[in-house]
Amino acid sequence: MPDKLDVKQGTLALMILKTLEVLGPLHGYGVARRIEEISQNRLTLNYGTLYPALVKLEQEGFVTAEWRQSENNRRAKYYALTAAGRRRLAHEAREWHRTADLIAAFLAPRRAAR
Amino acid sequence: MRFLRTALARIAGAFTWHRADADLQDELQSHLDMETAEYVRRGMDPAAARRRALLASGGLIQAAEAVREQRGLPAIERVAADVKYALRALRRSPGFTAVVGLTLALGIGANAAIFSVVRGVLLKPLPHRDGDRLVYLRQSADGPGGANLSFSVPEVRDLRTGVPSLAGIAEYSPWTVIHQGDEGATRVTVGLVTGNYFGVMGLSPVLGRLTRPGDDGPGVAPVMVLTHEYWRKRFGGDSGVVGRQLTLDKQPVTVIGVVQPAPFFPTRVDALLNMVISDHHLSATMVEGRTHRMTEIVARLTPGATVEQAGTEVAAVYARLQAQFPEAYDPAFHYRVAVIPFHQALGERARLTLWLLMGVAAFVLIIAVANVANLTLMRGVRREHELVVRAALGAGVARLRRMLLIENLLLTLLGAFLGGGLAIGGVRLLASLAERYSPRAGEIRLDGPVLGFMLALSFAVALLLSFLASLPREGGFASRILAGATRMSASLRRQRLQRGLVVVQIAVSVVLLAGAGLLTRTMIRLADVTTGLGTEEVLTMQVALLTPTELLANPAADAAAKERYEHMRREIAALPGVIEAGLGSPVPLRSSNVRFDLKAEGRTLAPGEAAPQPELRTANPEFFRAAGIPLLRGRPFAATDGPGSAKVVIINQTLADRLFPNEDPVGRRIAWTGDILRFTPISGDWRTIVGVAGDTRDGGLDAEPRPVVFMPFTQMLAIGGGLVIRADSNVAALAPAATRIVRRIVPTALIENVMTVPQIKNQSVSPRRLNAALVSSFGLLAVIIAAVGIAGVLAFSVSARTNEIGIRMSLGADTGRIQRMILREGGVLLAIGLASGVTGAFFATRAIRGLLFGVVPHDPVTFLAVALMMAAIGVGACWVPALRAARVDPAIAMRAP
């Protein structure tokens, strides 16, 4: 599977936070599906990757979790962004863009200018 | 902040593990259900959908494990699991646990107790401000009593001006006074100090004030500063004590303060007084007399100065003084001054004994650890199967090692815990021992650093034990399990290790036994020393009537005191059972520090020969008979040898041999001499020798008898009064009646040292007895542990060789042959251990030469006895497994796996 990617450390948290910001409170399955969709199935998350990340975000106070009834009447644990989570997302996103720009500049084909 | 929050959540997670786990299971299940439902919605059949969902999940168990890692404190939880497991394993083998725990308790406890003493007495920094800048100065010279001469006031003055490396010199003169309190008289040991004393020493008051330069000299009020210890003991720590007046030597003295806890050197003291209490210390004798040495000095180095520098400067001053005052520094005596760091001087007397005990304790620990190592190795063999299975189930070497480490750590901590109990008892015993050797004994306690020392020992031992065990290497074990092996073959490496440990145990035991033997022989030799008194049925007591000041200033008081002493003597002599009662000072078997140079008529000193310096003692006519001291020549004193009659003396054998070798001294004349006589009430008149008395061991049983001159009690001031009472039997029972008589005649006088001759001897022997008892009990312990060790290793070897023995027997070996085979195996170990032990002891016992008396460090009798004892015990220990080997039934042995 050459086009499957590993989830880089730290980026998963950012993806989860963004997902929760866009879609509002969501269960683990929903988060996983959303990330897979956005990545066009280049990323698949098994439980052993996803849930520790969620627990960590909860420990850090960026998300809260509660059991709720889902749209098709199942019980599921919903994760919701906290205020701290929002600030964190904004901060991380900014950092990510700056890093990405920097790396892109580095990797751009070298101009022959002197 | 984030980190803290996460950490808190994790800690909370470690405790809410079970509830959270159920919640997680639900969550994962709901995820799985939703995913399955999704696949079904896309048209898969439910079973396939579920399989697909499970596949995508990556495993529910693995996920739960990953979350647990994130949620709690995985490292701690794993350790907790190991601890739980180790506790279970130890509970399953209570015998092993108990033996190991106790063995380690002995090793660790002994080390902790002795370390706490070493720390308190030798290692702890001094409580004085910048205590490492303090130095003690010691003037010494050749000849008896020359080891520590102290300093005279003129000498201190010269040092003060001539040694720029010393910022201040504190003067301290040991003295005793009698405190007349409501509950009777007590002797108070004091130091007479200069006003700068506390400033130089760097000590602060806890109450009131300390002495200051204004308290120096004549015409000031006598004041006293209590030591912390005396304040607590005598005044119960009463803060109202400052300002109180006490009667010392019949003078009122005001308590001005209490000094912080600190050791005093060279003697423990109860209080420190300014000099004015003693007329003598302010007299011309003291202040002008260059040879009147009564002052100890401690000095503070100037910033930047070194001990060596101070030493060089002091030596320069002394070279000048010796040229200037040849009469005060007889070149024959080699006067010299040593500058010693104060903390070193404080530990001087204790050092050898303490390092001996520390060494012994270390040896005991070595033996204990060797034994425990052997036990663990043997247990390890029985556990091999378990370890192999664990390794096969995926436990890595590191994990197994950690498991072993935790198990061993639990064992050593158990040992440390039990050892701590032993140490608490031991420290109390040792502190009382240390009091004889060190003024710092009060600082001995089981405190934080000692506990740290115990923990460090426990960890070190646990680490050592864990790395001795050989673990199944990763891989290569599945085959063994498949082959149905229940144990790996006892590897050669391990057997060699076990045997090496046994040899070490035997060798160390031999060293300890040799030390114990030498110290025990020392003690026996010492107890066998004849005191010089013909009988043990002698009771002595000292009664103090006059203060030094009264004695010098008041001849009438002196005469009255002598009359009262005689009164006591007569009444005591009349008690039923008393054979004789005598008067003299000091009483026999107590040393005297009253010594003067002596010359003999018609005998000149050879060039460079030092004048004899005998002790001055007094005796009345009945003294020698009462004490049982034989008169070898001449006659005892007579009632006619009174104050007005011809001056006579009796000398002891040692002095007679020295002054008149191969001659009869009776009728010859001697006289006190020397510069110092000017300052005393003793005349340099010629005195005729009327008798020669036998030597007595006045300086302790281990000290050579000193030369002595006895003067008649009535021809000398009553410098002290001693009663010597001899009975036909059970003299100790006379003590209460004799004390009552003295009390009636002099109700307020201080009665001291009411002791029989056996009690005095015991006092002299008891430090050695304690040494011998301590080392012997450690030695015995070591032997027992070593015997168990050798028996255990052989027994193990027998059980490992059951098969082989069975084969040998069925091939015709008889039981005797099998026994010999096992005995030979043990015998080799024993022989190597003995040989190396004796060699080791030969070197080790030299270190304790200074503690021995009457035996040489390589005493052949002791060494032979020790070797025989160890051999006998060793052979006995080998016999048990040998017998067991001989009882092996070949039929059963061959069938055994």
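Okay, let's start at the interface: between chain B and chain A there are six residue pairs in polar contact, both partners at pLDDT 80 or more. By polar contact I mean a pair of N or O atoms within 3.5 Å; within protein, one must be able to donate a hydrogen and the other to accept it, and residues adjacent in sequence count only if both atoms are side-chain atoms.

Quick housekeeping. This is a predicted model, so to speak of local features we need pLDDT of at least 70, and side-chain atom pairs count only at pLDDT 80 or more, while totals for chains, interfaces and linings use all residues. Residues are numbered from 1 along each chain as its sequence is written, chains are lettered from A and ligands numbered from 1 in the order in which they are written, and side-chain values use heavy atoms, with hydrogens and water left out.

Back to the interface. Chain B puts 28 residues into the contact and chain A puts in 25, with contact meaning heavy atoms within 4.5 Å. The two chains bury about 2,300 Å² between them, and 60% of that is on carbon and sulfur atoms. That's buried area as the accessible area (1.4 Å probe) that two parts lose on being put together, summed over both.

What about charges? The rule finds three salt bridges across the interface of chain B and chain A, a salt bridge being a side-chain nitrogen of Lys or Arg within 4 Å of a carboxyl oxygen of Asp or Glu. One pair to look at is A:Lys77 with B:Glu27, a salt bridge whose closest N and O atoms are 3.9 Å apart.

Which elements of chain B give two or more residues to the side that touches chain A? Those are helix 1 (2–15), helix 2 (17–41), helix 3 (46–57) and helix 4 (60–71). Helix 2 of chain B gives the most, with 12 residues. By class, that side of chain B has 11 nonpolar, six polar and 11 charged residues. Here Ala, Val, Leu, Ile, Met, Phe, Trp, Tyr, Cys and Pro count as nonpolar, Asp, Glu, Lys and Arg as charged, and the others, Gly among them, as polar.

Now zoom out: over all chains, the count comes to 42 salt bridges. In one of them, B:Arg402 meets B:Asp82, closest N and O atoms 3.3 Å apart. That pair links helix 15 (residues 397–434) of chain B, which holds B:Arg402, to helix 5 (residues 74–92) of chain B, which holds B:Asp82, 320 residues apart. B:Arg402 is partly exposed at 27% relative accessibility, whereas B:Asp82 is buried at 5%. The cut-offs are under 20% relative accessible area for buried, over 50% for exposed and partly exposed in between (1.4 Å probe, protein chains only).

Then there's B:Arg290 with B:Asp158, a salt bridge with its closest N and O atoms 2.7 Å apart. Both B:Arg290 and B:Asp158 are buried.

Last stop, chain A. An open sheet of three strands runs in the order 1-3-2, with antiparallel pairing. Strand 1 (26–27) and strand 2 (63–69) of chain A stand at the edges with a single partner strand each, so one side of each has no neighbour in the sheet. Strands count as paired if DSSP finds at least two bridges between them. Strand 2 and strand 3 (residues 75–81) of chain A pair antiparallel over seven bridges.

Terms used:
Helix = DSSP H or I, 4+ residues; strand = E, 2+ residues; numbered from the N terminus.
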